[in-house]
Amino acid sequence: MQNVKSKMHNFNVKFKNFIFLFLILNFTFLIFNLTGCGGGAGQGDRIQPAVTINAWHWMTDRDDAFAELAARYEKKTGVKVKFELYAPSDSYTQKVRAAAQAGTLPDIFGLLGEKRDFASFVIAGHVANLDSEMLRDNAAWKNKFFSRAIAVNEFLPDNEFKVEPGVYGVPLDVMNIQMLYNKKLLKDAGIKRPPKTWDEFLAMGEKFKESGVQGLVSGWGEMWMIDCFASNYAFNIMGEEKVMKTIKGEIPYTDPEWIAVFNLFKEMADNNILYNGIVTMVNKTAEQLFANERAAFAFNGSWCVNVYAGMNPDLDYGVMFPPAKGDFLMKAWGGAGSSFLVNGRSLFKQETIDFLRWLSDDEQQAYLAEVTKNLPANKDCITKLTPVLASFAKAMEDTTHPNIWPVHEFPLVIEAFDKGIQAIIIGEKSPAEIAVEVQKVKEKELNKRRQY
Amino acid sequence: MNGKLKSTLINYLFVLPAVLIFAIFYIYPFLKVFQLSMVEWDGILPTMQFIGLDNFKEIMQDKIWWDSMWHAGYITLIALTFQNGLALLLALVCDREIKGRNFFRVLFFVPPILSEVVVGLVWQWILDGNYGILNNLLSSIGLHSLVHNWLSDPKTALTCIAIVHSWKGFGWGFIIMLAGLQTIPRQLYEAARVDGAGSWQMFSKVTLPLMIPVFSMVVILTILGSMQVFVLIIAMVGQGLVYHTTVPVLRILGAMTGSSRFGYACAQGIIFGLILIIISFTQKKFSEKIKQA
């Protein structure tokens, strides 16, 4: 009996020692993993012997084309490029921000946002400066692109964000936002040609009412589309210089010319030009309505050519600049399409740059333009476009975009501006009231900037 | 190492993984939110600027924030009354021996398991001002004066959202209340009937008092769920109809991803969390008092 007890005691001691050792090992393993010492977090393919470039994007319509181009590149060079799609764009943006904070960004990624966000990514070291590559061989690579497309990815000397000057992204495609008109619906409403002036445009409202046709659709439930429209007319009514002075805080939003910009939306609402429910409409719905011939006009970007072709291949429509109201040159919102950035901490930085250089070559850009019906960023590929896409391409030189402006408006002012326009459209507030409200937000933000 | 110390260490080691996970995934983020609420930071830049309680001061003066709180409160109020009233009514019906009650139990639980995005888009289509079923129905029965764009009118947009939210959520209350009703001993009803109690007396003197703990739980779940609604709103009205459909979670999301104000968003999150805690505790105390009475 004594012998059995002794054996039991020995077993207990051994078992406890085993458990102790087991827990110590587990604990070490846990710490090792949690601290990331195991390596490979976020860029799990680093330990693979062959080069694998990871790329994240949000472009659902281009995913198959990217996969095809990646396969071609691997066949040609042996370098594997893995494209991962994260959609919709809001989710993609959140993923990129979270990855930046965690230090797990892929080798290639794109940024959706304002220039100040782009600047923050650069300052934090998440984006590589491509200037030396772009300027090599008499700037051969840089000169391939539309100047507007490069400008969006460029920080000039003495920029307000204090970013080291240079080009920080490779443009993939360009876009601009214009007005589209349905030829059949205009004819049905007894309108012979698209409007050339603002007054002609407003006068069409009566004809739309008589014929039961709805006017303009656009994704004005997404704030930025309202901003595009208003910005076009701000340039047209007061000129670029005055717009920039307003952003600098030298001219108030209560200026009569700004009130005139706000008033355009009231005029459209009062003259039956706007589609019923446009203020909460997302752009996808607006695209469906225009493609299904439920609205005579659409305010949409050049990407719509692909979208409409998918929704209604027989849609007969034309492209036009929004009808002018003022005396200054109307500038369309555009230039910025999608761009790819190189992770500043990528282990395969040179290989990544080489791939992007190949991707922006004529052959690949022509393939992307043909398959996805987007305007290529490479200006040498612009010749083989459909008539509608060519109309968009023609307007590229008359485009502008906040990301190429020397000064940038505060996000809260933009929000107050866009929400204010919604309030005007639904008849809740007058243009003058909105101008006062926007100016109040502007002054508050200016004071805050002085304080911090 | 003596045996007792070793044994103590082993005990601690057993607990350690759980403590570590709790600390890393709960305590650290919680403290980090407090730290971030006192800085001006865009979420990306390597530097943060300490600004003390300025974010909290700004929230106190932020009219849009407090309006959004009122909107969430309005949605919650409709959910507490309409949603839970409907849930109780249907639970009472399904608690009886009626034909096909299992079918109804399944049917009433379908809306909660549907995706909020799907529900939002389907209702957006129903409420559409141009081609919506609701307007067609109103026209066909001669109520032309009521036909309008429900989601683009500030007078109706938030109420529509609240009703759709209630429609989607009543199934949870229904299931919990039905489970609660089934725990009430049938003998109590029989005894009440023997004593001459009618249907209303049985409901008010037997069912209601015994259901108070269930009501309490349903009310807390409704408040927490309704105050935090936002996916449905995005699906129905995009980024919103001016500020008429804005709720606190959308403001927090907007501050974080739209305006790149991480610190302000964290401060909003803390204030919102505190308000929810206060509401929950008040409601709990209130329920306890009713129960004691």
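Guide: One term before the sheet: two strands pair if DSSP finds at least two bridges between them. Also, this is a predicted model.

Visitor: Fine. How many bridges join strand 9 of chain A to strand 10 of chain A, and do they run parallel or antiparallel?

Guide: There are 3 bridges between strand 9 and strand 10 (residues 295-301) of chain A, and the two strands run parallel. With at least two bridges required, they count as a pair. Within strand 10 of chain A, Phe297(A) is the residue opposite Leu216(A).

Visitor: What is the strand order in the open sheet?

Guide: The order is 9-10-8-11 in chain A, 4 strands with mixed pairing. Strand 9 (214-217) and strand 11 (317-320) of chain A each have a single partner strand, so they stand at the edges with one side lacking a neighbour in the sheet. On average, neighbouring strands of this sheet are turned by 20 degrees against each other, direction ignored.

Visitor: Switching to helices. At what angle do helix 10 and helix 16 of chain A pack?

Guide: Helix 10 (residues 256-270) and helix 16 (residues 411-425) of chain A pack at about 30 degrees, and their axes are 8 Å apart. Angles under 35 degrees count as roughly parallel, so helix 10 and helix 16 of chain A are roughly parallel to each other. Their crossing is right-handed.

Visitor: Which residues make that contact?

Guide: Helix 10 of chain A contributes Phe262(A), Phe265(A), Lys266(A) and Ala269(A), while helix 16 of chain A contributes Ile421(A), Ile424(A) and Ile425(A). By class that is 6 nonpolar, no polar and 1 charged.

Visitor: And helix 16 against helix 17 of chain A, what is the angle there?

Guide: Helix 16 and helix 17 (residues 431-451) of chain A pack at about 170 degrees, with 9 Å between the axes. That angle makes helix 16 of chain A roughly antiparallel to helix 17 of chain A. This crossing, too, is right-handed.

Visitor: What does each helix put into the contact?

Guide: From helix 16 of chain A come Leu412(A), Val413(A), Ala416(A), Phe417(A), Gly420(A), Ala423(A) and Ile424(A). From helix 17 of chain A come Pro431(A), Ile434(A), Glu437(A), Val438(A), Val441(A), Lys442(A) and Glu445(A). The classes are 10 nonpolar, 1 polar and 3 charged. Ile424(A) is also listed in the contact of helix 16 with helix 10 of chain A.

Visitor: OK, the interface. How many residues does each chain give?

Guide: Chain A gives 33 residues and chain B gives 32. On the side of chain A, the elements with two or more residues are helix 1 (2-34), helix 3 (89-102), helix 4 (115-123) and helix 16. Helix 1 of chain A has the largest share, 7 residues. The side of chain A that touches chain B divides into 18 nonpolar, 9 polar and 6 charged residues.

Visitor: What does UniProt list as "transmembrane region" in chain B?

Guide: The entry, which is unreviewed, lists residues 12-31, 72-94, 106-126, 156-179, 210-242 and 262-281 of chain B. In the model, residues 72-94 of chain B are 100% helix and 0% strand, with the end C-alpha atoms 31 Å apart. Residues 156-179 of chain B are 96% helix and 0% strand, with 35 Å between the end C-alpha atoms.

Visitor: And which residues does the "domain: ABC transmembrane type-1" annotation cover?

Guide: That UniProt annotation, again from an unreviewed entry, covers residues 69-283 of chain B. Over this stretch chain B is 75% helix and 0% strand, and the end C-alpha atoms are 18 Å apart.

Definitions and conventions:
Residues are numbered from 1 along each chain as its sequence is written. Chains are lettered from A and ligands numbered from 1 in the order in which they are written. This is a predicted model: local features need pLDDT of at least 70, side-chain atom pairs count only at pLDDT 80 or more; totals for chains, interfaces and linings use all residues. Axes are lines fitted to C-alpha atoms, for helices over the stretch in contact, and angles run from 0 to 180 degrees between N-to-C directions. Angles under 35 degrees count as roughly parallel, over 145 as roughly antiparallel, 65 to 115 as roughly perpendicular and the rest as oblique. A crossing is left-handed if the near helix is turned anticlockwise from the far one by less than a right angle, and right-handed if clockwise. Two residues are in contact if their C-beta atoms, placed from the backbone, lie within 7 Å. Ala, Val, Leu, Ile, Met, Phe, Trp, Tyr, Cys and Pro count as nonpolar, Asp, Glu, Lys and Arg as charged, and the others, Gly among them, as polar. UniProt positions are given in the numbering used here, feature names are shortened, and annotations may be inferred rather than shown by experiment.
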